[in-house]
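Here are my notes on the model you sent over.

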Amino acid sequence: MIPTETEERGPIVVFDEVVKVYRTTQSLLRKSTGEVRALDGVSFTIQKGEIFALVGESGSGKTTCGRLLVHLESPSSGRVLFQGQDLASLRGRSLKEFRRKVQMIFQDPYQSLNPQLTVFQTVVEPLLVQRWGSHEEREERVVEALEEVGLRPAGDFMFRYPHQLSGGQRQRVAIARAMILEPQLVVADEPVSMLDASIQAQLLNMLLELKERHSLTLLFITHDLASARYLADRICVIYKGRIMEQGPTDLVIENPLHPYTRALLRAVPTVDRRKEELPPPACPVDLLLVPKAAACPFYSRCPDCTSRCMEKEAPLAEVEKDHYSACFLHYG
Amino acid sequence: MNVLEVKDLTVQYLTSRGRVHAVERISWELRQAEALGIVGESGCGKTTVAMAIMGLLPSNAEVVEGKILLEGRDLLLLDPEEMRTIRWKKIAMVFQAAMNALNPVHRVGDQILEAMIAHDGELSEKEVQRRLEELCAMVGLDPRRMKDYPHQFSGGMRQRAVIAMALACRPTMLIADEPTTALDVMVADQILGQLRRLQVEMGLAILYISHDISVIARSCDRMGVMYAGQLVELGETDDILDHPLHPYTRGLMKSYPKLRGPKTKLEPIPGEPPNLMDPPPGCRFCPRCPDKGASCPTERPPWIQAMEGHWVLCHKGEV
Amino acid sequence: MASSRDRGKEKPLGGGAHFLRHLGENWAIYRKNRMGMGGLGLLVLFGLMALASFVPPLLDPMYHPMNGMDPEIDTSTGPSARHLLGTDFMGRDILSQLLTGARVALLIGVSAAFMAVAIGTMVGMVAGYFGGIVDTLLMRLADIVMVLPGLLVILILSSVAGQLSIWNLVLIIALLKWAGVSRIIRSQTLSLKVRPYVEAARVAGASHTRIMFRHMLPNVLPLSFLYMTFGVTSAILIEASLSFLGFGDPSTVSWGMMLQWVWKTGHMFKAPYWLLPPGICISLITLAFYLIGRAMDEVLNPRLRKEVLEQ
């Protein structure tokens, strides 16, 4: 699909001070007694045509970002913009349009396909929902989509059920389903983390190919820095609902600024890492002092933290060109 | 001195649809105070090997051939009673996702104690308490938290608790099956570090099983690569990673994106592993091998010592 | 390769249409399940009995279960050549009563259970899917219904309304029994709502109706079926109990009625040929539906099938 002249270059997605709070207990009579701030003031932009990696551990809020972007949920405050439009304002026709342009690939290949439906029925569904084409056209399109993700000949796979496929094959089906409407943006939430290494590699390459061929913009959510490095143009590191560091991939990997990024890089096991490295000591500041809510979320594990870090988190600031970090270390 | 020796182990599963040739003629040894890692993708048979060692194979499994020698005794010849005395006291295991298998209605400390008492009922009250504190120190847990329930522990702490349970009876050897799969990167790193410390400081022999080569690279002195039920390469970790001989090992290494160094395009191994109900007659990797030879499809490859201490299952094994 | 051309237009139909389309496949799977075949066998037996119930009165009016008068017998007698299972206290043929009872049991059981489960499934799905105030209201209603003492309600209704006809009974049973099903279906729906494939459907833009009928209903149906089998047995038992207690429909002959007559006329220990057949039939038909329910679970849930060995 060739972009029309009216679509500009530039940010296709904007997260503007997004906060997402989940209440842990709720009742009609009592007010909520607990809350979890999955996202605590997250702001970033994704440029059209780039692969943007959101890297974090479990509980960091990265999956929540993905869900907000596909409008499965709404932010508690702040805005999420797609092509300049606030997702909160989407209704009816504009919502349907949006759904055609933004799709998602889920993490668990064993749960993301309806076990009662055949591969064909799963992949054709978006077309049906969007009332696309005639029956013959839809069938052709499904065959195309399946073959593009490597399930060839499509006829062998179309009428199988998910439990008859391997994990890698199921994930390919999930990708075919996401791609069949030729979306402009795909959110891939840990698409390969539950698969074996060689299948992971196959799918990572496939994502790259798909991105090239369809001029996709991709939000790649992962905990694995190595695959983020492989795929992404820019990396954003998120921890406990706040962005720690953000910048072009090479810069973030070669010259990590934030202590959290550095700790993460040290901890990732890679094939080239053989020597024993002791984990860095925890924060020297007295841990019994209760941190303020606005404190840096990483302070208790940070080897470089100071008492200032307990008071307030440093705002995200540009330390070198395009490379942002939220840490007082980089302030004078 | 070998703590454990596996010789020509062959295990098959009998199913209503046929025989699954899960493990075929595997031979390796685990030396004292050494960490040996078995790496392989899902379905390669590595968990079956672990189960065979522990005597926990399901009823439809048949050990067609082979020996598993623990300090000279063949475990496969023991009856269930005898196996029970060995299990947990000589060999203990940390299962996959074991941290999720903690009983949510019992306190953590009680569960560790239970592991101790179940296998070694003759300890006094005081000894048991002392041992518990010792175990906590070994795995890096705060003994004051022993009264908590599993849901009050983080994932990493639960994994440590499970390791403590495994160490409760002072085994000679520990099998760690995917010890870090469900954990965050930093926590996983700490757990692996802890295990390494146990190995070095306590002389514990550890058998690591993982689908992730980087975990093996980080923790193991020696490693073995399994594919489709066969052991295709065995040797010192550094040796294998620097000079992989088997085409599968080479292919596997090229499947991991690197964090440092030049960004090369990943070259994944094309295709999928064979159906073990009907494995290829010759080399099982042959259909996917970029380096096929004439005899590969039909003849089983020989197990050759290509370099000092470095074995490979390949027709082209002569370096 | 079978062309998908003949699958027709894809409509947001749920498990029902899907199930019918694959009847051939599903039957092959069902056939392999021994419990299911056993249950089905029993059910066929009862079905035949029900059909056969029309035969005896045609042979000879004295075989009519209600009104048959044997000119020679007017008391309870044991099995004989004329009356294969003997006669009841009025000289009526027990075998034809038994056959009619099968017909009544199947009718009542299946109708009542079907209605109860249909209502319960719809309510449960809607409550679970929409949540919020809809959920609260529907579930409070279900709670009230569940708490009502069923048998007591029926007894009160029947003493107020006079004798209840069979169809009244069926309706009342359905209206009392839907609540339990709805709770189960609701919790199943809640867990399904967050499954990634349901979310994938939302992301593709599917409407609520489509999601409920295409994605949730097929995954909820196995549970519904299971509860239907329990429902059948429970409906049959309720009817039997009511008839036994004398609150049933006196114009129909059911196994429960037969048991009532045995008891009321003091023949319980004197006429085993009269007491045992209806009792055994009630037990067996209960068993039949249970076995069928178990087998249906395997058919409807592809994952339970013992097919491909996952390595």
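**Notes on the model**

1. Let me start with a hairpin. In the one formed by β9(B) and β10(B), with two residues between the strands, A228(B) has a positive phi near 50°. Helices and strands here are DSSP runs (H or I and at least four residues for helices, E and at least two for strands), numbered from the N terminus. Strands count as paired if DSSP finds at least two bridges between them.

2. Some housekeeping before going further. This is a predicted model, so I mean that local features need pLDDT of at least 70 and side-chain atom pairs count only at pLDDT 80 or more, while totals for chains, interfaces and linings use all residues. Residues are numbered from 1 along each chain as its sequence is written, and chains are lettered from A and ligands numbered from 1 in the order in which they are written.

3. Strand β9 (residues 222-227) of chain B pairs with β10(B) through six bridges, in the antiparallel sense. Within this pair, V225(B) has E233(B) of β10(B) as its bridge partner. Strand β10 (residues 230-236) of chain B is mostly covered, with six of its seven residues buried; buried needs 20 or more other C-beta atoms within 10 Å of the residue's own, exposed is 12 or fewer, and partly exposed lies in between, with C-beta atoms placed from the backbone.

4. As a reminder, strands of a sheet pair through backbone hydrogen bonds, either parallel or antiparallel. For a parallel example, take strand β7 (residues 173-177) and strand β8 (residues 205-210) of chain B, joined by five bridges; there, I175(B) stands opposite L207(B).

5. Chain A also has an open sheet of eight strands, with mixed pairing and the order β6-β7-β8-β3-β9-β10-β12-β11. From one strand to the next, the twist averages 20°. Inside this sheet, strand β3 (residues 51-55) and strand β9 (residues 234-239) of chain A pair in the parallel sense over four bridges, and V55(A) stands opposite V237(A).

6. Some totals for chain A. I see eleven helices and twelve strands listed for its secondary structure. Of its 332 residues, 48% count as buried. Among contacts between residues at least 6 apart in sequence, 63% join residues at least 24 apart; a contact means C-beta atoms, placed from the backbone, within 7 Å.

7. Now the interface between chains A and B. Chain B puts in 32 residues and chain A 31 residues. On the chain B side, the elements giving two or more residues are α6 (185-202), α7 (213-219), α8 (237-242) and α9 (247-253). The most come from α6(B), with six residues. By class, that side has 14 nonpolar, seven polar and eleven charged residues. Ala, Val, Leu, Ile, Met, Phe, Trp, Tyr, Cys and Pro count as nonpolar, Asp, Glu, Lys and Arg as charged, and the others, Gly among them, as polar.

8. One helix pair in chain B is worth a look. Helix α3 (residues 108-119) and helix α5 (residues 155-167) of chain B pack at about 25°, with axes 8 Å apart. Axes are lines fitted to C-alpha atoms, for helices over the stretch in contact, and angles run from 0 to 180 degrees between N-to-C directions. That angle makes α3(B) roughly parallel to α5(B) (under 35 degrees is roughly parallel, over 145 roughly antiparallel, 65 to 115 roughly perpendicular, and the rest oblique). V108(B), Q111(B), I112(B) and A115(B) of α3(B) meet A161(B), A164(B) and M165(B) of α5(B). The contact has six nonpolar, one polar and no charged residues.

Technical notes:
Contact = placed C-beta atoms within 7 Å.
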